[in-house]
Amino acid sequence: MKKNIFKSFIFSLAVAALITLFVFSGSAKDVKKNGFTFDVQKSGVTVVSYAGKEKKVRIPAKVDGIAVTKIGNECFWQVKTMTALSIPATVTEIGESAFVECTGLKRVILPKSLKSLGASAFWYCTNLQTVVFDSQAQKVGKDAFRGCDKVTVYAVSGTGAEKFLQKNKIKTGLTYPTKITVNKTSLRLNSGKTAALKITVSPDKTYYSDVTVSSANKNIAEISRDGVVTAKGCGNTVITASVKGNDKISAKCKIAVVPPKPTELKQSEYTVSGATITWKKAAGATHYRISRLDASKKKWVVLSTTNKTTYTFSNLKKGESFEVRVRSVFKSGKTQVLGGIASLTVSTRNNSPVENLRQTSKTIDSASVSWKAPTGAVKFLVVLLDGNGKQLSRAYTTKTSFTFEDLSSTRKFKARVRAVFKTGSKTYLGNYKELELSTLKAAKVSSLKITSVTDSDVSLSWNKVSGASRYYIYIYDAGKKTFALSGSTEKTAFTVGNLDPEIEVKIKVCAAYLKTDGNYFIGQGSEITSKTKERPIPKTADEALSVFVKAFNATAGQKNFSVFETRTIKNGLALPSDEKFGKLLSSVDNEGSFDYNFTSGIESNKKLSLSQLFPAMNGKLSLSQADAKNCIVDYRGDGNGYSLDVTLPSASKNNALLSSFTALPDWNALSSSNGVSFSTIEYGRAVVSAKVNGGKLDTLSVSIPFTAAGTDGKTVFTIGGTIEREYIFLWN
């Protein structure tokens with residue numbers, strides 16, 4: 001019903017149009033071409049109708065050289081064969097009911113030139129899916145899309161077309177994005193480098209969202225379609241990104257292409273008042289700006305701009321150090337672009353010598369020196385020279401002291417010390433200081449004298465020698481006609497012992513100096529001669545016994561000797577004479593005869609000391625007056641001292657004197673270990689023999705006869721014999 005009413009309405013309009021055309025036919029003409037009928041006027045061409053059968057219809061942009069500007073009312077009325085339509089960019093107006101019931105149409109792009117779309121323009125184009133306003137069209141007639149249930153209409157944001165669509169609740173979208181952004185508004189690149197820009201459009205779901213990119217100066221920088229900027233030459237340019245088809249929606253990024261920083265910046269020359277720096281040319285740089293840091297103001301001061309790759313600083317202070325920057329610069333006419341910066345610490349040479357060089361100590365073959373370091377020194381070169389200035393050795397040290405070793409006390413030497421300074425990786429030497437060295441001179445022992453003399457010893461003393469570590473003592477060997485070493489000491493006194501009585505002895509004492517290799521340098525000796533005293537021989541038996549006891553006690557108090565011991569039983573008897581009682585006799589002597597040594601009272605195998613030989617009175621021999629009266633003393637002199645025999649009285653096993661002798665058996669232990677019982681134990685006269693030499697024992701022997709009777713519970717037995725012990729003292 002609505003369609004019939006609409007057709008009647010359209011018919012009335014057509015009649016009116018024909019009347020109008022008739023009236024004004026004198027100023028226009030009709031042109032028919034390719035199924036089109038055109039109304040051609042000087043002001044423009046109107047498409048009046050289309051009667052063709054083409055599926056893809058293309059409206060020409062011009063007819064007879066005049067632009068097609070309008071699609072007339074009802075132009076394509078019910079052209080159902082048409083599936084595609086191309087409208088030229090010259091069309092500014094589409095009339096009412098222009099595409100009524102064009103049911104074959106699916107997509108129509110309305111040109112940018114279009115300003116208005118007539119009422120009922122796409123009336124019941126039932127298969128129409130897409131209509132795009134590629135323009136700023138502000139006017140859309142009523143019911144322009146009535147009956148187009150499948151259509152989505154795209155319009156430019158903010159236009160009258162968009163408002164119409166929203167008001168009539170037509171499914172719509174935007175033709176173009178409303179905004180485009182670039183992630184950076186400015187970009188600084190070194191010549192030859194690349195960087196990627198991220199370009200974003202919003203909203204992203206629009207009919208047209210393709211982006212175009214361009215550079216204002218491709219000689220400075222180019223940009224690819226995917227947003228990669230390539231720096232070509234130094235200068236400034238602008239990169240523009242815009243929506244394809246709508247340049248008004250765009251974003252810009254300022255590009256500054258700068259030369260990179262200079263490379264291999266280094267100091268090439270060092271003097272006490274100047275410095276030269278060099279670097280390699282930076283790509284694209286035409287000049288270089290040299291700046292120095294004012295440390296007091298914390299500010300960089302520009303010194304110069306040069307087109308060279310070297311610069312020399314002058315009028316500097318000795319040992320001065322400061323920060324320098326070299327910046328790449330591009331200049332072209334009035335354009336100046338500042339590039340990358342390289343930094344360096346610049347220093348002048350410090351030739352300051354070390355201070356207070358002095359010798360601090362010396363030995364017989366070494367000399368030590370010390371000094372004060374100048375400011376900035378990192379280490380020191382130490383050189384040893386001979387008296388003529390010839391270099392003998394050199395060494396580096398980080399300390400402010402040094403010891404020269406293996407020097408000869410008969411030569412002259414000099415020490416030369418130089419500070420080493422460092423700037424960057426370069427080192428250089430300061431001026432040197434020199435010093436004559438001296439070593440310790442060997443001196444003779446002074447004030448050598450005899451302090452005491454005995455029949456076997458000569459004691460000496462002397463003054464301390466400065467620098468000496470110890471002293472060596474020599475005795476003259478008349479047979480070999482040379483001095484032989486007797487001993488050494490760190491003290492200033494020494495006793496030469498084990499000498500024969502009544503002999504002349506020549507003694508030499510030398511100061512010894514410790515060398516750096518651990519050995520000793522022996523200086524010139526001082527000599528002295530002495531004679532030992534006569535060795536006394538006892539004149540009476542009592543005196544001999546007293547001297548023997550004194551010598552024994554003196555021996556017991558010493559440690560520098562070794563003892564060789566022999567023990568046995570001689571003339572042993574066992575009654576009854578069976579094996580059992582023979583073993584009992586052997587056990588009296590601790591299982592038979594044996595020998596062993598010990599040194600200095602500390603044994604290597606068995607514990608044995610003089611206190612074990614004679615435990616009474618802590619190892620010292622003591623005879624009571626009664627015992628002494630009952631003793632028989634026989635003594636005799638010889639060339640090396642004297643010998644004596646002391647015969648003790650006979651006694652029982654409980655005699656206090658004999659119980660001090662470890663030569664005697666422990667009868668109680670023997671009784672329990674052998675299962676026997678002793679009834680009587682008798683000792684004969686014990687004989688102690690000794691040889692005394694120089695107030696000490698040379699040999700000592702004990703001989704004690706014994707008889708012991710008892711029973712093992714069944715058999716009565718008698719054992720006996722002579723217990724003998726001999727001790728030989730070897731003095732060290």
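**The whole chain**

Begin with the entire protein chain, bearing in mind that this is a predicted model. The chain holds seven helices and 55 strands. Of its 732 residues, 41% count as buried. Display the surface next: the accessible area of the protein chain is about 39400 Å², and carbon and sulfur atoms contribute 48% of that area.

Select residues 696-711, which form strand β54, together with residues 677-683, which form strand β52. These two strands run antiparallel and are joined by six bridges. Within this pairing, tyrosine 683 has phenylalanine 706 of β54 as its bridge partner.

At asparagine 693, look across to lysine 696 in β54, which stands opposite. Two residues lie between the strands of this hairpin, and glycine 694 adopts a positive phi near 65°.

**A nonpolar surface patch**

Finally, select Leu514, Tyr520 and Ile522, which make a nonpolar surface patch of about 230 Å². Tyrosine 520 belongs to strand β44, residues 520-522. Is tyrosine 520 buried or partly exposed? Its relative accessibility is 31%, so tyrosine 520 counts as partly exposed; a buried residue would have under 20%. With the strand in view, note that side chains in a regular strand alternate between the two faces of the sheet.

Technical notes: Residues numbered from 1 in each chain as written. Predicted model: local features only at pLDDT ≥ 70, side-chain atom pairs only at ≥ 80, totals over all residues. Heavy atoms only, no water. Helix = DSSP H or I, 4+ residues; strand = E, 2+ residues; numbered from the N terminus. Buried < 20%, exposed > 50% of the residue type's maximum accessible area, 1.4 Å probe, protein only. Areas by Shrake-Rupley, 256 points an atom, 1.4 Å probe, with all protein chains shown as cover. Pairing = 2+ DSSP bridges. Patch = residues over 30% accessible without salt bridge, like charges linked within 9 Å, V, L, I, M, F, W, Y side chains within 5 Å. Salt bridge = Lys/Arg side-chain N within 4 Å of Asp/Glu carboxyl O.
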